[in-house]
There are 2 protein chains.
Amino acid sequence: MSLITVERKVLDMNDKIAQENRLIFKENNIFVTNILSSPGAGKTSLIEKTIECTKEKFSTVVIEGDIETSLDAQRIDALNIPVVQIVTNGACHLDADLVKDAFKNLNKKDANLLIVENVGNLVCPAEFDIGENIKVVILSVTEGEDKPHKYPLVFRESEVLIINKIDLLPYLKISLETLRSNALAINPKLKIFETSCYSGEGLEVWCKWLENRIKFFD
Amino acid sequence: MSLITVERKVLDMNDKIAQENRLIFKENNIFVTNILSSPGAGKTSLIEKTIECTKEKFSTVVIEGDIETSLDAQRIDALNIPVVQIVTNGACHLDADLVKDAFKNLNKKDANLLIVENVGNLVCPAEFDIGENIKVVILSVTEGEDKPHKYPLVFRESEVLIINKIDLLPYLKISLETLRSNALAINPKLKIFETSCYSGEGLEVWCKWLENRIKFFD
């Protein structure tokens, strides 16, 4: 029982800081996308492609969350995009306070999009509001059709599901239709995109949607 | 600071129960394998194939850990293998106490192998000893070469790494050699197997190793 109490306190404190972040992001006129997925579903590749695809439309900055290493931040840095790496040293998710500190250290200039790449984990990051405008969950087709039912929270919390690595579909026994309907059973409002960062398929549709979403946010 | 203290207390309590489990497993003369991976790396499929491959040699029972649903337990039940499903209701890992309770409810008869399928999460389950003899981490080739460096604890804690879904290698830009050397850089003692539950490749070698490992455990 005492553990539950402590956990609730941690989440309450997190929600308070997330609300502060929300105000700070608004003052900076910056739209914040929190990207969540299992390890290896393609978060960093999708961020790279999204930056490339939208660079004429808006200026992006990135916060990278990892348990160890700055490998992902190095990939973003190579695109000449301002990036701050959070190393959580074992913690399994980003929280609002970590993101708040990282944002202070970010070279924001005229940025209008902040992409936060969360720790690779389909479970815990979904519990922690960081003050984002939208959560985007990425699922690789190799992970199977049953994941929305087995990890429902992240699908409930997300506005967007990106089904990634669709170039591998011919080699898998997965039904895209079943996966989509499983995801919509958990969250009927999910906006679903299908992409491949190898073939480039679907990226333009996703980026166009993101552009409009940012244009019309208040 | 207080959070860290509570967390440490939780882990200390867990370790105490894990030691009790270890004694109980020994009294029952049962070898316990704790299987860890990201969601969708192929834990359940590998357990199904391992049961099939070793059924002449030993009698297996299974504990399934999931955040929600009993989909995995249904798959094991279909093989006429005694199985208990733990539904964690949001918790991101199994702990020793959950496993202790599940083991009480398991129809153990003459079982000599207990396979515990942990929650799909490459981070948190690695922190929790459940009293197992060995941890086995499964990594799908689709997850990328960098995962041992990005999620080191689970690779440090495991005796075995199973690199799964190798039938997909022709369609990926991954180097198996780099993945292997990254894993060994984190844990030079890792025993590495390469498998495909689709083609069956590598399963016999893994099962043979497991048979010997069980035969010679004290």
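## Surroundings of B:Asn34

Setting aside residues up to four places away in sequence, B:Asn34 touches B:Val116, B:Asn118, B:Phe128, B:Ile130, B:Glu132, B:Ile134, B:Lys135 and B:Val136. The model is a predicted one. With one of these residues, B:Glu132, the side chain of B:Asn34 makes a polar contact of 2.8 Å.

B:Asn34 is part of strand E1 of chain B, residues 31–37. Its relative accessibility is 0%, so B:Asn34 counts as buried, the limit for that term being under 20%. B:Ser158 is 124 residues away from B:Asn34 along the chain, yet their C-alpha atoms are separated by 9.1 Å.

## The sheet of chain B

In chain B, seven strands make up an open sheet with parallel pairing, in the order E3-E2-E4-E1-E5-E6-E7. Strand E3 (83–87) and E7 of chain B are at the edges; each has a single partner strand, so one side of each has no neighbour in the sheet. From one strand to the next, the twist averages 20 degrees.

Helix H4 of chain B, residues 96–104, lies across strands E2 (60–66), E3 and E4 (113–117) of chain B. The helix runs at about 145 degrees to E3(B).

Strand E5 of chain B (residues 134–140) runs parallel to E6(B), and five bridges join the two. Here B:Ser140 of chain B stands opposite B:Asn164 in E6(B).

E6 of chain B (residues 160–164) also pairs with E7 of chain B (residues 191–194), in the parallel sense and over four bridges. B:Ile162 has B:Phe193 as its bridge partner in E7(B). Together with helix H7 of chain B (residues 176–186), E6(B) and E7(B) make a right-handed β-α-β unit.

## A buried glutamate in chain A

Is A:Glu211 buried or exposed? A:Glu211 has a relative accessible area of 10% and is therefore buried, as the term covers values under 20%. A:Glu211 is located in helix H8 of chain A, residues 203–215. Apart from neighbours within four places in sequence, A:Glu211 is in contact with A:Thr54, A:Lys57 and A:Phe58.

## How the two chains are related

Two copies of a chain are related by a rotation about an axis together with a shift along that axis. For chain A laid on chain B, the turn is 180 degrees and the shift along the axis is 0.0 Å, with an RMSD of 0.0 Å. The two copies are therefore related as by a two-fold rotation axis. Both copies use the same surface: 100% of the contact residues of chain A recur in chain B.

Methods:
Residues numbered from 1 in each chain as written. Chains lettered and ligands numbered in written order. Predicted model: local features only at pLDDT ≥ 70, side-chain atom pairs only at ≥ 80, totals over all residues. Heavy atoms only, no water. Pairing = 2+ DSSP bridges. Right-handed = clockwise from strand over helix to strand, strands pointing away. Buried < 20%, exposed > 50% of the residue type's maximum accessible area, 1.4 Å probe, protein only. Contact = heavy atoms within 4.5 Å. Polar contact = N/O pair within 3.5 Å; in protein donor to acceptor, adjacent residues only side chain to side chain. Least-squares fit on C-alpha atoms with pLDDT ≥ 70 in both. Axes fitted to C-alpha atoms, helices over the stretch in contact; angles between N-to-C directions.
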